[in-house]
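Please read the points with the structure open.

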Amino acid sequence: MSQTEKLLYTARTHTSGGRQDGMSRSSDGRLDVRLSPPGGAGIGTNPEQLFAAGWSACFEGAMEIAARKRKIVLPSKSAIDAEIDLVLDNGAYALRARLNVTLPGLDPEVARGIVDEAHQTCPYSKAVRDNIDVSVDLI
């Protein structure tokens, strides 16, 4: 950790069984989910859904910060529809992502600026930058 870096939070989970009938639980017990393969008949969620939920929630927070800098309040009906694709490319698994952002009532140019800044500052966006194909669209 650098001298300027300040640890804000550490998420801890314990996962067993993986995608096939696995379980994942956070150390504080707030997350306790069953896991199933994507598109399968299992009753659990899958890592792609969890990633989509986490990224979209974090991205909305980044948009709120970007809007606040502009002295704008995000519309109450703001939403992000995240789509995470699990693909098989030349025998290797990979991810692709789309974030479809709705900011009703905002001027499209202002909304685009907020979305672009959020994509630069959101920790999830930073983590995947130049690693997976991502599109962020204003709907």
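1. Tyr-93 lies in strand S5, residues 92-102 (strands are DSSP runs of E, at least two residues, and helices runs of H or I, at least four, numbered from the N terminus). The model is predicted: local features need pLDDT of at least 70 and side-chain atom pairs 80 or more, while totals for chains, interfaces and linings use all residues. Residues are numbered from 1 along each chain as its sequence is written, and side-chain values use heavy atoms, leaving out hydrogens and water.

2. Tyr-93 counts as exposed because its relative accessibility is 65% (exposed is over 50%, buried under 20%, partly exposed in between, with a 1.4 Å probe and protein chains only).

3. Strand S5 belongs to an open, mixed sheet of three strands in the order S4-S5-S6 (strands pair if DSSP finds at least two bridges between them). Strands S4 (79-89) and S6 (133-138) are at the edges with a single partner strand each, so one side of each has no neighbour in the sheet. From one strand to the next, the twist averages 15°.

4. S5 and S6 run parallel, paired over six bridges. Arg-96 is opposite Asp-133 in S6.

5. Helix H1 (residues 47-69) packs on the sheet and touches S4, S5 and S6 (contact means heavy atoms within 4.5 Å). The direction of H1 makes about 140° with that of S4 (axes are lines fitted to C-alpha atoms, for helices over the stretch in contact; angles run from 0 to 180 degrees between N-to-C directions).

6. Helix H2 (residues 108-121) also packs on the sheet, touching S5 and S6, and its direction makes about 150° with that of S6.
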